[in-house]
Amino acid sequence: MISLNEPHYKLYLKEVSTPSEVLRIMKRKGLSKYCYTFYVMDRNVKYIMNIGMSEGEHVGDRVYRKCGNLYGFGHNTLTGDFGSDMKTVVKLFEAKFTDIQVHKDNVIVELWDTSNIIVDSFNSATVECEKKLFRDCKAKFGIIPVGNTQDPNNRNKQTTTPSVWNNLFSEKEQQVEYELA
């Protein structure tokens with residue numbers, strides 16, 4: 001499983017000049033199933049702004065769109081609805097931390113590749129990894145990120161795991177149950 005303190009990759013947005021560079025980096029790493037955090041650095045303190053995940057068919061698309069909606073890309077800033085939720089995330093962050101202005105140059109994106117992670121869950125590994133990052137965040141900071149309005153641990157709940165389910169019923173019993181349904 002993953003840990004908030006051990007990302008697979010770090011992307012310092014001050015090192016890129018366009019959102020398309022973010023997309024190229026994501027494609028080079030082959031990230032289509034991943035979790036991410038957006039941090040803001042201010043006076044050598046790292047503030048967590050947002051946690052999320054993507055299982056999209058387009059490699060790196062979610063992070064690209066969110067990054068592209070940050071202030072600091074000038075005429076390369078993305079327009080349109082996709083990824084524009086990042087503007088709300090920034091507003092929530094700046095409302096809580098009134099002395100910090102979010103700019104792409106003080107944002108770090110941390111990434112976890114979830115494509116090879118196996119979990120004992122009916123949810124995908126990416127969904128379960130996102131939940132784990134939220135639990136890590138709450139354990140470390142006592143709250144979820146200000147840019148997240150809901151905790152994924154409060155949805156996609158399951159009362160049993162596939163391994164427990166499979167141990168309860170033989171394949172024949174499962175087939176009969178399926179045929180009766």
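Predicted model: local features only at pLDDT ≥ 70, side-chain atom pairs only at ≥ 80, totals over all residues.

Let me start with a charge and a ring: Lys96 lies over the face of Phe97, at 6.0 Å from the ring centre. A charge is said to sit over a ring if NZ of Lys or CZ of Arg is within 6 Å of the ring centre and within 35 degrees of the ring normal. Lys46 is likewise placed over the face of Tyr39, with 4.3 Å to the ring centre.

Residues are numbered from 1 along each chain as its sequence is written, and side-chain values use heavy atoms, with hydrogens and water left out.

Which residues of H3 are buried? They are Met86, Val89, Val90 and Phe93, where buried means under 20% relative accessible area, exposed over 50%, and partly exposed in between, with a 1.4 Å probe and protein chains only. These residues cover an arc of only 95° around the axis, which puts them on the same side of H3; the arc is that of the directions from the helix axis to the C-beta atoms. The face turned away from this buried side carries the exposed residues Lys91 and Ala95. The buried residues of H3 pack against strand E2 (34-42), strand E3 (45-54) and helix H2 (61-67), with contact meaning heavy atoms within 4.5 Å.

Let me turn to the aromatic rings, of which the structure holds five pairs. Rings of Phe, Tyr and Trp (its six-membered ring) pair if their centres lie within 6.5 Å, and planes under 30 degrees apart count as stacked, over 60 as edge-to-face and the rest as tilted. Tyr47 and Phe93 make an edge-to-face pair, 6.3 Å centre to centre with 75° between the planes. This pair links distant parts of the chain, since Tyr47 is in strand E3 and Phe93 in helix H3, 46 residues apart. Phe93 is buried, with a relative accessible area of 0%, whereas Tyr47, at 22% relative accessibility, counts as partly exposed. The rings of Tyr47 and Phe97 have centres 4.9 Å apart and planes at 55°, so this pair is tilted.

Key
Helix = DSSP H or I, 4+ residues; strand = E, 2+ residues; numbered from the N terminus.
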